[in-house]
Amino acid sequence: MSGSDDYDIIIAGAGLVGATFALAAAQGGLRPVMVDPQPFDAQLAPTFDGRATAISYANFRMLKALGLGEALEPHACRMDRILVTDGRRPGAASRKPSAAYIRFDADEIGDRNGGEPLGYMVENRRLRVALAEAVEARGLEVRAPAAVADVAVGPGRATVTLKDGSTLSAPLVIGAEGRNSTVRRAAGIDVFGWTYQQSGVVCTVRMEKPHGNVAHEYFLPDGPFAILPLTENRANLVWTESTRRGEALRSASDEAFHAHLTRRFGDFLGGLTIEGPRFVYPLSLQLAEGLTAPRMAIIGDAAHGVHPVAGQGLNMGLKDVAALSEVLAEAARIGEDIGSELVLERYARWRRFDNAALAAGFDGFVRLFSNDIAPVRLARDLGMAAVNRIAPLRRAFMHEAGGATGDLPRLLRGESL
């Protein structure tokens, strides 16, 4: 085991974002150690996280550049088309669509992205297994179960005190431990946001009819309902309910839950068989007022927690990973202090506008679509119909969702650090 003085970076959090950052940092020639309160093996259990994630094609390039492609590709389902529909009633999927819809097709941007799909659906447990195998193969250290209690900044180094009283020191500490980040609090970075008084209900189903690699999103008065294709003709379902209804579904019998789900889903893909447990998560927006402090930086949900309406939460965190790892690798190569404010500000400049703009955009999207007020419905229906008829605008949306716009870090171009 390495001594604490041998680390370049201490990463609080060994989840999806923290582990990806550790691999990227190591590829860039840095020596990370991860600290996580969960036993690392516990994160690999199928019931630990029943969600699946829509990974943009740019972020999937990064995962392949970090050596995860062989492990992930058999479990990654292409999303070749996305159909977005404004619906009035549950079961909208089985009814004739209204004129208010948008169809996104990967073929429209195939000339610019090399034939890649709009994104890939991967179960979180598959991501965790692939990351754990890569972390072990690289010989990266994970202190778990262990939790950060405090961070103290001194000349040239930061010292992390763990809850068991032991300490680690390094030039830089990264907070990747989620919305309740201890590193963010130690850095004195404030957050703002609000709850939506809604819950996200998640489960996986197997369908009778093939899904054809098509993702569906229906905007209903209570919130969006998404059908996201998985391998083996399964789908991950994510839908928004009021907090009260979400809690009722959490405790409902299997029969009652299936009946409610069938009314929501409709029968356009045949009968449904629920596989695995159901999950209910409270929904809120949280945005950090800064991304860095002396010898500290935050990434992923520690920096931004957004509504799952566009499936971009993890994608935003992975973009943080790509930007920060490149900034740090380049600084280290020319002999700069990777924990200096000058270096960390480059990361903040790269990511702060994109994070704020996306968070605001998703919040506006939720408020626009999670209601049934007639004038608002008319305006959004006209807007959707217009986007669907304007090919350049539609392609711009697809490139943005694919994470391939703006000043791309090397990893998002599929290049190694």
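**Helix packing and strand pairing in a predicted model**

Helix H1 (residues 16-27) packs against helix H5 (residues 124-138) at an angle of about 35°, and their axes lie 10 Å apart. The model is a predicted one. The crossing of H1 past H5 is left-handed. On the H1 side, the residues in contact are Leu16, Ala19, Thr20, Leu23, Ala26 and Gln27; on the H5 side they are Asn124, Leu127, Arg128, Leu131, Ala134, Val135 and Arg138. Sorted by class, this contact has eight nonpolar, three polar and two charged residues. An α-helix has 3.6 residues a turn, so residues three or four places apart point the same way. The H1 positions Leu16, Ala19 and Leu23, all of which meet H5, can be read with that spacing in mind.

H5 also lies across strands E3 and E7, and runs at about 85° to E7. These two strands belong to an open sheet of three strands, ordered E3-E7-E4, with antiparallel pairing. Strand E3 (52-56) and strand E4 (77-79) are the edges, each pairing on one side only. Ignoring direction, neighbouring strands in this sheet are turned by 30° against each other on average. Between E4 and E7 (residues 119-123) there are three bridges in the antiparallel sense, and the partner of Arg78 in E7 is Tyr120.

Strand E1 (residues 9-12) is joined to strand E2 (residues 32-35) by four parallel bridges, with Ala12 opposite Val35 in E2. From E1 the chain crosses through H1 to E2, a right-handed β-α-β crossover. E1 also runs parallel to strand E12 (residues 172-175), again over four bridges; here Ala12 stands opposite Gly175.

What covers or leaves open the faces of E1? In a regular strand the side chains alternate between the two faces of the sheet. In E1, Ile9 and Ile11 are on one side, Ile10 and Ala12 are on the other, and all four are buried, which leaves both faces covered.

Burial also marks helix H2 (residues 57-65): eight of its nine residues are buried, so the helix is largely enclosed by the rest of the structure. The buried residues are Tyr57, Ala58, Asn59, Phe60, Arg61, Met62, Leu63 and Ala65. Just after H2, Gly67 adopts a positive phi of about 90°.

Note on methods: Residues numbered from 1 in each chain as written. Predicted model: local features only at pLDDT ≥ 70, side-chain atom pairs only at ≥ 80, totals over all residues. Heavy atoms only, no water. Buried < 20%, exposed > 50% of the residue type's maximum accessible area, 1.4 Å probe, protein only. Axes fitted to C-alpha atoms, helices over the stretch in contact; angles between N-to-C directions. Left-handed = near helix turned anticlockwise from the far one by under 90°. Contact = heavy atoms within 4.5 Å. Nonpolar A, V, L, I, M, F, W, Y, C, P; charged D, E, K, R; others polar. Pairing = 2+ DSSP bridges. Right-handed = clockwise from strand over helix to strand, strands pointing away.
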